[in-house]
2 protein chains.
Amino acid sequence: MHLIGTMDSPYVRRVAVSLNYYGYEFEHRSISVFDEFAKFAKINPVVKAPTIVLDDGTVLLESSLILDYFEKRGDSICSLLPVVASERARTLRIVGLALAACDKTVQIVYERKLRPIEKQYEPWVSRVTTQLLAALRELEVEVVNQPLYSSDTSISQAGITLAVAWSFYQMMLGDIVAPNQFPGIRDFALEAEALPHFVSCPPMDNKEMEIAERRRLRLDDCLFRC
Amino acid sequence: MHLIGTMDSPYVRRVAVSLNYYGYEFEHRSISVFDEFAKFAKINPVVKAPTIVLDDGTVLLESSLILDYFEKRGDSICSLLPVVASERARTLRIVGLALAACDKTVQIVYERKLRPIEKQYEPWVSRVTTQLLAALRELEVEVVNQPLYSSDTSISQAGITLAVAWSFYQMMLGDIVAPNQFPGIRDFALEAEALPHFVSCPPMDNKEMEIAERRRLRLDDCLFRC
């Protein structure tokens, strides 16, 4: 089985970390949807990360659908979603909020990264930033009201997605999403990111970290220009 | 239980049609994420459609997560996903492709609708259109190779999402997604859209249809300007 996509995508990384917990072995192929469009298209013509190629050749896409497949396949060593409806609802609510915040982060990054400055549109960034911060405020309330488990044996899909998402916002939008505004999420993510199944899927290698830092500085220049 | 969001969103509509099949009653509140941002924000501060408010007040978002909740709640009258892993994989593959095409359609529509013409960026629209058409070609192969069920007792989440997605592309991008290029999908969607649980959730009321037609004409003007 192959997982295609770069780990700086929170959608790719939540699948990778979850596969670790489920106990499924996979080969990770770090192919970029931007820098290697044609190479990616040979595997999945839609060029969407994450892409999973199952052993029988079936190609799956969309992280929540991919995880649904593995959650129910019946031969994993654990489940990452509670069975009881009310607990399941809370878990899915947190996953939904964290993914919504990822989507909004991606929209801001795409605006800055994929189009020339004269084509960037501030009202759109402003709208999306409002939504991003609203999602984080909702998540902070959830985490403070009822702490999430962050041990290797009891973490849920809510914990995985929230921690991966938080690291992503921090990496991409450190200045919009100030850690001190959301101490509950920050502390939870710090704990979760130290777990072996997270550590074995770092969001970036060193080279990518340098590129990201340069991008972040450019982003700051754009965001805080007057 | 309340379902919040307008039915011109394929994500809202796939939830509505699925709830009909599951046999869950819900009150639909047609609140727009664009025209009624503040009103929507009072229910879900992230302002994302679909939003579901469960009877105990829990607010869920993201259509695939919402559907996962209802699929497993245990008191629905049917399941919309196969149990056998290989069939489940195929179903989730089709859902993933259809949702990817919806995402790409939304990106094109947002580019045209939400920003002034001087802020629109053709290379982005071109990239996204390539991905949209690739997803539809993959879907056409799936439907032609192994027809989907389109009866009220055997339709799956793949059938629901594909039909709703197709109607959405047609409504929004009739000129990019020509029905005759994808006869397998077209014929399947036509059959599915005649089923009672689809008919009871029309994608638009008459007033919205008029607005959409005017928007489509404006879109054509943008797309085919030289």
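**Chain architecture, helix packing and backbone geometry**

Among contacts in chain A (heavy atoms within 4.5 Å) between residues at least 6 apart in sequence, 69% join residues at least 24 apart. The model is predicted, so that local features need pLDDT of at least 70 and side-chain atom pairs count only at pLDDT 80 or more, whereas totals for chains, interfaces and linings use all residues. Residues are numbered from 1 along each chain as its sequence is written, chains are lettered from A and ligands numbered from 1 in the order in which they are written, and side-chain values use heavy atoms, with hydrogens and water left out.

The secondary structure of chain A comprises nine helices and four strands, where helices (H or I, at least four residues) and strands (E, at least two) are DSSP runs numbered from the N terminus. From the N terminus on, the order of elements is β-α-β-α-β-β-α-α-α-α-α-α-α. The radius of gyration of chain A is 17 Å, close to the 17 Å that the globule rule gives for 226 residues, so the chain is as compact as a globular protein of that length; the radius is taken over C-alpha atoms, and the rule is 2.2 Å times the number of residues to the power 0.38. Along its principal axes, the C-alpha trace of chain A spans about 55 × 45 × 30 Å. Buried residues account for 57% of the 226 residues in chain A, with buried meaning under 20% relative accessible area, exposed over 50% and partly exposed in between (1.4 Å probe, protein chains only).

Two helix pairs were examined, with axes as lines fitted to C-alpha atoms, for helices over the stretch in contact, and angles running from 0 to 180 degrees between N-to-C directions. The axes of H1 (residues 10-22) and H3 (residues 63-72) of chain A come within 10 Å and cross at roughly 10 degrees. H1(A) and H3(A) are therefore roughly parallel to each other; angles under 35 degrees count as roughly parallel, over 145 as roughly antiparallel, 65 to 115 as roughly perpendicular and the rest as oblique. Residues of this contact include A:Tyr11, A:Arg14 and A:Val15 of H1(A) and A:Ile66, A:Phe70 and A:Glu71 of H3(A). By class, the contact has seven nonpolar, three polar and two charged residues, taking Ala, Val, Leu, Ile, Met, Phe, Trp, Tyr, Cys and Pro as nonpolar, Asp, Glu, Lys and Arg as charged, and the others, Gly among them, as polar. Nine of the 10 residues of H3(A) are buried, including A:Asp68 and A:Glu71. A:Gly74, with a positive phi near 95 degrees, follows H3(A).

For H5 (residues 122-145) and H6 (residues 157-173) of chain A, the axes come within 13 Å and cross at roughly 140 degrees; H5(A) and H6(A) are therefore oblique to each other. A:Leu132, A:Leu136, A:Leu139 and A:Val143 in H5(A) meet A:Leu162, A:Trp166, A:Tyr169 and A:Leu173 in H6(A). The contact residues divide into eight nonpolar, no polar and no charged. A:Phe168, also in H6 of chain A, is buried, with a relative accessible area of 6%. Its C-alpha atom is separated by 8.4 Å from that of A:Thr105, 63 residues apart along the chain.

Most residues other than glycine have a negative phi, and most peptide bonds are trans. The peptide bond from A:Ala49 to A:Pro50, however, is cis, with omega near 0 degrees, and A:Pro50 is placed in the loop between H2 (37-43) and E3 (51-53) of chain A. A:Val47 lies in the loop between H2 and E3 of chain A and has a positive phi near 55 degrees; A:Val47 is buried at 2% relative accessibility.
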